[in-house]
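Please look through the sequence and the model below before reading on, and keep both in view while the paragraphs lead you from one part to the next.

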Amino acid sequence: MRASPVRKGYMEGSHASRQVERNSMVENYLQVLEESLRKKIKVLEKIGEVSSRQEQMLKSNPVPEDDFDQSIEEKGLLIEELSKLDDGFETLYGNIREQLMAGKDRYKLQITAIQGLIAKTTEQSVSIQAQEARNKLLADKFFSDRKQELQKNRKSSRAAMDYYRNMSQSQVVMPQFMDRKK
């Protein structure tokens with residue numbers, strides 16, 4: 001059986017309609033991917049700012065330990081947010097990867113924009129990693145100095161305790177040559 005011309009036209013129209021829907025869906029996904037990368041850039045900027053503050057704290061004397069601890073917590077939350085954005089990006093990209101490969105020319109502008117944003121996030125990530133390496137050296141020095149200070153205080157405390165113990169155990173000897181005449 002052959003499809004009638006009317007039915008054949010309907011089927012072709014239906015196929016074209018589904019193709020338009022798929023193209024529209026891919027374009028929407030590409031917009032979401034771009035937005036996700038823009039959010040990632042903002043989060044990376046905040047992480048960079050926190051890292052710079054941490055560097056300043058580690059260089060100051062004395063190190064404001066409470067502020068430093070707070071900055072570590074803040075950075076932890078930002079890293080969680082970054083991880084969620086990455087996971088969402090990967091999932092979304094996985095959903096449209098085949099369509100993008102098949103329609104590279106159709107989505108060329110969006111793909112180019114996304115590649116530019118990915119390059120920017122990569123650049124920021126490398127910069128943050130370098131900052132973190134510098135901060136690690138500063139933190140290692142700070143903790144080494146604190147450890148030495150604690151060891152010095154422990155030695156001083158031990159010496160004071162030994163002195164106290166020796167003094168409390170010693171018995172006062174009365175003078176042995178006393179004049180007993182009165």
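Two residues are said to be in contact here when heavy atoms of theirs lie within 4.5 Å. With that meaning in hand, we can turn to the model, which is a predicted one, and begin with leucine 85, a residue that touches Ser36, Lys39, Lys40 and Val43 when residues up to four places away in sequence are not counted. Leucine 85 has its place in helix H2, and with a relative accessible area of 16% it is buried, because buried means under 20% relative accessible area. The C-alpha atom of leucine 85 is separated by 9.7 Å from that of leucine 33, although the two residues are 52 residues apart along the chain.

Among the contacts in the chain with a separation of 6 or more, 83% are accounted for by residues 24 or more positions apart. Of the 182 residues of the chain, 22% count as buried, while the chain exposes about 14,600 Å², of which carbon and sulfur atoms supply 54%.

Which residues does glutamine 131 contact, leaving aside its neighbours within four places in sequence? They are Ser51, Ser52 and Glu55. Glutamine 131 itself is found in helix H3, which covers residues 108-169, and it counts as buried, since its relative accessibility is 9%.

Charged side chains give another way to follow the structure, which holds eight salt bridges. One of them joins the side chains of glutamate 65 and arginine 146, with a distance of 3.6 Å from N to O. Because glutamate 65 lies in helix H2 and arginine 146 in helix H3, this pair ties together parts that are 81 residues apart in sequence. Glutamate 65 is partly exposed, with a relative accessible area of 36%, and arginine 146 also counts as partly exposed, at 33% relative accessibility.

A salt bridge is also formed by lysine 75 and glutamate 132, whose closest N and O atoms are 2.4 Å apart. This pair, too, links distant parts of the chain, with lysine 75 in helix H2 and glutamate 132 in helix H3, 57 residues apart. Are the two partners buried or exposed? Lysine 75 is buried, with a relative accessible area of 9%, whereas glutamate 132 is partly exposed, with a relative accessible area of 28%.

The salt bridge between lysine 136 and aspartate 140, with closest N and O atoms 3.0 Å apart, stays within helix H3, where the two residues are four residues apart, about one turn of the helix. Aspartate 140 counts as partly exposed because its relative accessibility is 38%.

Finally, we can look at charges on the surface, where Asp66, Asp67, Asp69 and Glu73 gather in a patch of negative charge. Of these, aspartate 69 is found in helix H2, which covers residues 65-102, and at 42% relative accessibility it counts as partly exposed. Helix H2 therefore holds both this partly exposed aspartate 69 and the buried leucine 85 with which we began.

Definitions and conventions: Residues numbered from 1 in each chain as written. Predicted model: local features only at pLDDT ≥ 70, side-chain atom pairs only at ≥ 80, totals over all residues. Heavy atoms only, no water. Patch = residues over 30% accessible without salt bridge, like charges linked within 9 Å, V, L, I, M, F, W, Y side chains within 5 Å. Areas by Shrake-Rupley, 256 points an atom, 1.4 Å probe, with all protein chains shown as cover. Salt bridge = Lys/Arg side-chain N within 4 Å of Asp/Glu carboxyl O. Lys, Arg positive; Asp, Glu negative; His and termini not counted. Charge placed at Lys NZ, Arg CZ, Asp CG, Glu CD. Buried < 20%, exposed > 50% of the residue type's maximum accessible area, 1.4 Å probe, protein only.
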